[in-house]
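Please look through the sequence and the coordinates below before reading on. The paragraphs that follow go from one backbone detail to the overall layout, and then to a helix pair.

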Amino acid sequence: MSTCCAPPSTAARRFARVTEILARHRHDPAALVPILQEVQEVYRYLPEEVMAYIATDLGLPPARVFGVATFYAHFALAPKGRFVIKLCDGTACHVKESQPILDALRQRLGLSERKTTTDDQLFTVETVSCLGACGLAPVMLVNDDVHGQMTPQSALQLVESLIAKHAKETP
Ligand code: FES
């Protein structure tokens, strides 16, 4: 019987995609930020157990990994929806009535200031400060797509089209 290769540990099998990312970065602790970015693309957030696994693999204290994850606003520590809607509430957008858009989205999706992700994890609705596209106010981002001159009606239409798109893609 061959003894050449130890079987991967349970954690390595469980976090196979994370293991791949760590290997691609040669398990280099200096690459922590890009590693976390890639891992977040896999899970859409950074689960605590995955951060602990990364810390062990890189030989870093878990507090260091958690510290980096909480320092950068870009990292999410709780699950987000498949469609992340970021509605701008900067001055230009606020003046052009972003609040009624936010109210309409929250009402349609059963969300609030405290509950930002739908139970089916299809949508997350957040507010952000100026997105740098004030000429298009009021502006919202859906994942990486910019949508300008929104109204409550156009925002709701967009939500319906995303729901239809998701339904089509889900067997
Ligand atoms: S204030 Fe909304 S894009 Fe600048």
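In which loop is R26 found? R26 is found in the loop between α2 (16-24) and α3 (32-43). The residue is not a glycine, yet its phi is positive, at about 50°.

The coordinates are those of a predicted model, so confidence comes next, since where pLDDT is low, the predicted coordinates should not be read in detail. For this chain the mean pLDDT is 91, and 95% of the residues reach 70 or more. Among the elements, the lowest mean pLDDT, 73, belongs to helix α1 (residues 10-14). The highest, 98, belongs to helix α7 (residues 98-109).

The secondary structure consists of eight helices and four strands. Read from the N terminus, the order of the elements is α-α-α-α-α-β-α-α-β-β-β-α.

Along the principal axes, the C-alpha atoms fill a box of roughly 70 × 35 × 25 Å. The chain has a radius of gyration of 20 Å, whereas a compact globule of 171 residues would have one near 16 Å.

The peptide bond that joins A137 and P138 is cis, with omega at about -5°. P138 has its place in the loop between β2 (123-128) and β3 (140-142).

The helix pair remains. Two packed helices are described by the angle between their axes and the distance between the axes. For α7 and helix α8 (residues 152-169), the angle is about 35° and the axes are 8 Å apart. The crossing of α7 past α8 is right-handed. On the α7 side, the contact is made by P100, I101, A104, L105 and R108; on the α8 side, the contributing residues are P152, A155, L156 and V159. Sorted by class, this contact has eight nonpolar residues, one charged residue and no polar ones.

Key:
Residues are numbered from 1 along each chain as its sequence is written. This is a predicted model: local features need pLDDT of at least 70, side-chain atom pairs count only at pLDDT 80 or more; totals for chains, interfaces and linings use all residues. pLDDT is the predictor's confidence in each residue, from 0 to 100. Helices (H or I, at least four residues) and strands (E, at least two) are DSSP runs, numbered from the N terminus. Axes are lines fitted to C-alpha atoms, for helices over the stretch in contact, and angles run from 0 to 180 degrees between N-to-C directions. A crossing is left-handed if the near helix is turned anticlockwise from the far one by less than a right angle, and right-handed if clockwise. Two residues are in contact if their C-beta atoms, placed from the backbone, lie within 7 Å. Ala, Val, Leu, Ile, Met, Phe, Trp, Tyr, Cys and Pro count as nonpolar, Asp, Glu, Lys and Arg as charged, and the others, Gly among them, as polar. The radius of gyration is taken over C-alpha atoms; the globule rule is 2.2 Å times the number of residues to the power 0.38.
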